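Please look over the structure shown below before reading on.

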Amino acid sequence: MDYKNAGVDIEAGYKSVELMKEHVKKTMRPEVLGGLGGFSGAFSLAKIKEMEEPVLLSGTDGCGTKVKLAMILDKHDTIGIDAVAMCVNDIACAGGEPLFFLDYIACGKNYPEKIASIVKGVAEGCLQSDAALIGGETAEHPGLMPEDEYDLAGFAVGVCDKKDMITGENLAAGDVLIGMASTGVHSNGFSLVRKVFDMTKDSLNTYYDELGATLGETLLASTRIYVKALRAIKDAGVTVKACSHITGGGFYENIPRMLKDNTVAVVQKDSYTVPPIFDLMAKKGNIDEQMMYNTFNMGIGMVLAVDPEDVDAVMKAIRSTGDTPYVIGHIENGEKGVQLC
């Protein structure tokens, strides 16, 4: 008896590392010390000394049951972008710059090409957010997970000068809400999505005219990363007063997280175009409107609150990074919460 007969293939692990190296190298930043394969990832903090009061920000998350779709379609090269996005967007909406990322892949059996494809997506997410992929772990779990299944999670660390943190403490009535377009469902609500649609290869490969794509292509669209858009706003000299990453819980749970007491976010539902995938889900699943806005991002992946005088500059900065901004509402005084009208 040996480890391989017990279900863990060490040689496959070595091959996975070799295959992923080319993708990992593309994410390197000057601060990264050492190479892939060490017991820990090393990252120099020398540049942080330039900040008045540096604050480290961290985020950890996964892709939820969206990975199930990747497995059904046997398409694994974008799910890693989702894992990165879920972490770095949280850091960015607090005012931070992501520095580095680590991934964790748990699988029933290590298929090196599949693992390398997953890490390729992770590396792409790191490139989109200028974060270095400095380490990770691929763990085989024979007997715990089916051989063809896996789960993916990640952990990111960023930094921000304390004076630049986005806290919501200066939020005031009259401030304008700007939303940045999502690419679709992103990585939240897939337990409900999987109840609405048949999760079969044939179903996911079905083309829908209203989507302009197959169902699988639409649902697997990678989560938008907003790091560069928020950096562009900062570089334009604008102070973002409050910010919310619209993830699980949709508008109703996430927007209040950016508010201070006695402020209300008033959102106009007709201020932007809701992507057709949400209308399709609502109709096919007979899901009421409140539940849709309490589960999904409904086409808005990030919400910012800014001074009215800064709106034009913010819209210009967001567009400069290829993102699409909308003025979606404003702040009023009242009981803390969100109102959709």
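**Salt bridges and cysteines**

Across the whole structure, a search finds 13 salt bridges, a salt bridge being a side-chain nitrogen of Lys or Arg within 4 Å of a carboxyl oxygen of Asp or Glu. This is a predicted model, in which local features need pLDDT of at least 70 and side-chain atom pairs count only at pLDDT 80 or more, while totals for chains, interfaces and linings use all residues. Residues are numbered from 1 along each chain as its sequence is written, and side-chain values use heavy atoms, with hydrogens and water left out.

- Arg231 and Asp130 meet through their side chains in a salt bridge, with 2.8 Å from N to O.
- Because Arg231 lies in helix 8 (residues 227-235) and Asp130 in the loop between helix 4 (112-129) and strand 5 (132-140), this pair ties together parts that are 101 residues apart in sequence; helices (H or I, at least four residues) and strands (E, at least two) are DSSP runs, numbered from the N terminus.
- Arg231 counts as partly exposed at 28% relative accessibility, and Asp130 is also partly exposed, with a relative accessible area of 30%, where buried means under 20% relative accessible area, exposed over 50%, and partly exposed in between (1.4 Å probe, protein chains only).
- Asp175 forms a salt bridge with Lys241, and the closest N and O atoms of the two are 3.1 Å apart.
- This pair links distant parts of the chain, since Asp175 sits in the loop between strand 6 (150-161) and strand 7 (176-181), and Lys241 in the loop between helix 8 and strand 10 (242-245), 66 residues apart.
- Both Asp175 and Lys241 are buried.

**Other salt bridges**

- Lys75 forms a salt bridge with Asp77, in which the closest N and O atoms are 2.8 Å apart.
- Lys75 is partly exposed, with a relative accessible area of 36%, and Asp77 is partly exposed as well, at 30%.
- A network of salt bridges links Asp161, Lys163, Asp164 and Lys234.

**Cysteines**

- A search of the whole structure finds zero disulfides, a disulfide being a pair of cysteine sulfur atoms within 2.5 Å.
- Cys63 is in no disulfide, and the nearest cysteine sulfur, which belongs to Cys87, is 8.7 Å away.
- Cys63 is buried, with a relative accessible area of 0%, whereas Cys341 is exposed, with a relative accessible area of 53%.
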